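Thank you all for coming. Please have a look at it first.

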Amino acid sequence: MARAFLFVLDSFGIGGGPDAAAFGDLGANTLGHIAEFCAAGAADRPGLRQGPLHLPNMSALGLLHAARAATGFFPTGMDVPPRVFGYHGAASEVSNGKDTPSGHWEIAGTPVSFDWGYFPAEGYAFEPELVEAICAAGKVSGILGNCHASGTDIIARHGVEHRRTGKPICYTSSDSVFQIAAHEGSFGLDRLLAFCETVRGILDARPGGRIGRVIARPFIGETPETFERTGNRRDYSVLPPEPTLLDRLVEAGRMVHAVGKIGDIFAHQGIGTLTKANGNMALFDATLRVMDEAKDGDLVFTNFVDFDMLYGHRRDVAGYAAALEAFDRRLPEVDRKLKPGDIVILTADHGCDPTWRGTDHTRERVPIMSFGPGIRSRLLETRTTFADIGESIARHLGIAPGPHGRSFL
């Protein structure tokens with residue numbers, strides 16, 4: 001047996017979604033537009049980065065060729081390497097969403113065929129009956145927010161009143177989410193997590209569309225200027241609709257090592273070990289440590305959340321570019337950890353084009369970059385589902401194929 005390492009660069013889409021128009025995202029291209037802005041000098045920021053987007057390691061693994069497969073052209077201003085290593089290509093999503101659970105579940109071999117439930121964009125997000133039930137069960141006198149909002153903005157707006165009244169800040173977004181922000185000191189982290197579990201139960205009992213996640217958003221600080229979200233975020237997800245690659249690996253006696261928010265995304269189903277860290281570089285450090293612990297037949301599965309959370313949703317092109325370049329510089333550290341028979345797959349779960357209108361995810365194809373000792377260079381045909389990624393890992397680790405997708409190995 002060998003080991004597999006699956007790294008999701010959260011929201012790193014490469015454009016070309018064949019059904020992007022149905023999601024209002026025709027023309028969205030996370031990589032392409034970041035590269036275009038960088039080439040034009042529009043992503044220069046003193047002390048952070050400057051110049052064209054520079055991703056030599058991912059480019060050598062076929063990122064630019066995957067982008068050309070997705071869109072028909074290479075990203076602007078990026079150096080195309082003379083030689084490419086490993087399997088590389090693009091994949092389209094078939095799930096009925098452009099959200100984190102849908103993308104990750106499909107990567108793990110389980111596309112989402114049902115429709116998620118969403119909250120109204122106009123007026124109050126949560127109807128009075130739902131608010132009343134939440135307040136009664138959660139033992140709070142009311143909630144603040146009750147709208148679509150950016151997490152940092154709504155904490156700045158309501159954080160002081162929240163600390164004074166003890167009312168949690170509840171809000172949503174274009175995703176299928178119910179988000180709850182509370183101060184770790186005055187409200188308490190344990191109380192916030194318990195409150196989120198209560199809300200999860202109430203939402204699950206409601207008729208209608210499923211709400212994908214209830215998200216705890218703890219923060220610290222004393223004033224709007226000093227409020228800061230902490231690394232103690234917790235996502236309470238619904239269960240995947242059928243067994244995923246993770247469940248199949250556990251059933252076969254293998255170990256799944258989840259790093260970052262992977263455990264939350266899969267409602268802790270099919271998870272062997274769980275390692276948390278705050279920030280992409282801390283997640284990278286944690287991943288390297290877990291790689292040392294992984295045995296033959298194991299899967300290490302990491303989500304690098306900052307690309308989406310800190311830069312995509314906040315429409316920060318320079319920040320996204322700098323984060324990509326920082327990640328790229330560290331990829332040789334992964335390569336040095338590999339043993340004969342190991343495989344690494346880099347991919348994404350959706351797009352979040354920081355040049356696009358609004359603050360929502362964008363429907364895009366995602367890259368596949370797969371490398372390891374003995375893996376030769378090959379351009380993959382564009383995959384029609386992310387599930388091909390999970391099925392390739394299943395084949396590599398020697399377990400039976402699932403009902404969705406097919407291996408590209």
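This is a predicted model: local features need pLDDT of at least 70, side-chain atom pairs count only at pLDDT 80 or more; totals for chains, interfaces and linings use all residues.

Is tryptophan 116 buried or exposed? Tryptophan 116 is buried, with a relative accessible area of 5%, where buried means under 20% relative accessible area, exposed over 50% and partly exposed in between, using a 1.4 Å probe and protein chains only.

Residues are numbered from 1 along each chain as its sequence is written, and side-chain values use heavy atoms, with hydrogens and water left out.

The structure holds 14 aromatic pairs; rings of Phe, Tyr and Trp (its six-membered ring) pair if their centres lie within 6.5 Å, and planes under 30 degrees apart count as stacked, over 60 as edge-to-face and the rest as tilted. One of them joins tyrosine 87 and phenylalanine 408 edge-to-face, at 6.1 Å centre to centre and with 90 degrees between the planes. This pair links distant parts of the chain, since tyrosine 87 is in strand S2 and phenylalanine 408 is in the segment after helix H13, 321 residues apart; helices (H or I, at least four residues) and strands (E, at least two) are DSSP runs, numbered from the N terminus. Tyrosine 87 counts as buried at 16% relative accessibility, and phenylalanine 408 does too, at 3%.

Tryptophan 116, with which I began, forms a tilted pair with tryptophan 105, at 5.7 Å centre to centre and 50 degrees between the planes. Phe7, Phe284, Phe304, Phe307, Tyr320 and Phe327, in turn, form one aromatic cluster.

Let me turn to helix H7, residues 184-205, which bends by about 55 degrees at arginine 191, the bend being the angle between axes fitted to the seven residues ending there and the seven starting there. The charged end of arginine 191 sits over the ring of phenylalanine 187, 4.1 Å from its centre, a arrangement that requires CZ of Arg or NZ of Lys within 6 Å of the ring centre and within 35 degrees of the ring normal. Phe187 is among the buried residues of H7.

Finally, the backbone: serine 11 has a positive phi of about 85 degrees although it is not a glycine, and serine 11 is buried, with a relative accessible area of 0%. Asparagine 146, in strand S3, also has a positive phi, near 55 degrees.
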